Amino acid sequence: MSAPETIGEYLLGLHRSLRLARGRRSRVFDEVHEHLRDAASAMERDGASRAEAERRAIIDFGAPDLVADTKGRGWTVAGIAVMLTLVFAAVITAFQGGATLSRSRVRVSAPSMPLDLTG
Amino acid sequence: MRGVAERINAQTLKGHLEALILKALEPGPAHGYAIVQQLRARSDGTFDLPEGTIYPALHRLEKATLVKSRWAEVSGRRRRVYTLTRKGKAQLAAKETEWNRLRDGMHAVFEGAR
């Protein structure tokens, strides 16, 4: 994909990059839009054409991924991994607790077997 | 405006950007573009980083409750304006103290060796 030349193109790329909840995404998007408008307007006041002003404003702002990593990413890959690990650990702990109880019940309910006094 | 060699690059600045933003907000509320302009002007062009990097830093500061933000009308347009919180002011004071100690220590080492 070629580098964006206009604020509109840049914002389209940003919109694709942002991995945030809808409300957050809208806010970041609006902030960036206003920033680029300010920057381009300042350059126009300095004598640049609108097209050149927008192009330079985008260059000065930097790539969309600089901004896309913002505001707490919500369900990131790392976050999902941590969550799954915790759930897995909880399940294993619960399973081990249940299995111990089951073994105890088998010993008690099998009178023909020698008593296990080892505890 | 300083030349390329005289500008501090973004990587070097990265660890200090949040403290600089807190300082830029000390006089009063400002939106992201204004903060960038202020940093550039007050540093005489030394701090000239990609402007977009200001937003992740602002949002981290807000998450840490060092700044707060709200929508406000500025020059007829809706802008997100950031303000230092009380906690942010305390953090700024702590960072300034830390920086002054570092500066004095560095100066003592560099100058004292002569």
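Predicted model: local features only at pLDDT ≥ 70, side-chain atom pairs only at ≥ 80, totals over all residues.
Next, a neighbour. Helix H2 of chain B, residues 17-24, packs against H4(B), residues 54-63, at an angle of about 80°, and the axes are 10 Å apart. Angles from 65 to 115 degrees count as roughly perpendicular, and H2(B) and H4(B) are therefore roughly perpendicular to each other. On the H2(B) side the contact uses B:Leu17, B:Glu18, B:Ile21 and B:Leu22; on the H4(B) side it uses B:Ile54, B:Ala57, B:Leu58, B:Arg60 and B:Leu61. Of these contact residues, seven are nonpolar, two are charged and none is polar.

Now the sheet. Chain B has an open sheet of three strands in the order S1-S3-S2, with antiparallel pairing. S1 (30-31) and S2 (67-74) stand at the edges with a single partner strand each, so one side of each has no neighbour in the sheet. S2(B) pairs with S3(B), residues 77-84, over eight bridges. B:Glu73 stands opposite B:Arg78 in S3(B).

What packs on this sheet? Helix H2 of chain A, residues 22-45, touches S1, S2 and S3 of chain B, and its direction makes about 105° with that of S3(B). H4(B) packs on the sheet too, touching S2 and S3 of chain B, with its direction at about 125° to that of S2(B).

Note on methods. Residues numbered from 1 in each chain as written. Chains lettered and ligands numbered in written order. Heavy atoms only, no water. Axes fitted to C-alpha atoms, helices over the stretch in contact; angles between N-to-C directions. Helix = DSSP H or I, 4+ residues; strand = E, 2+ residues; numbered from the N terminus. Parallel < 35°, antiparallel > 145°, perpendicular 65-115°, else oblique. Contact = heavy atoms within 4.5 Å. Nonpolar A, V, L, I, M, F, W, Y, C, P; charged D, E, K, R; others polar. Pairing = 2+ DSSP bridges.
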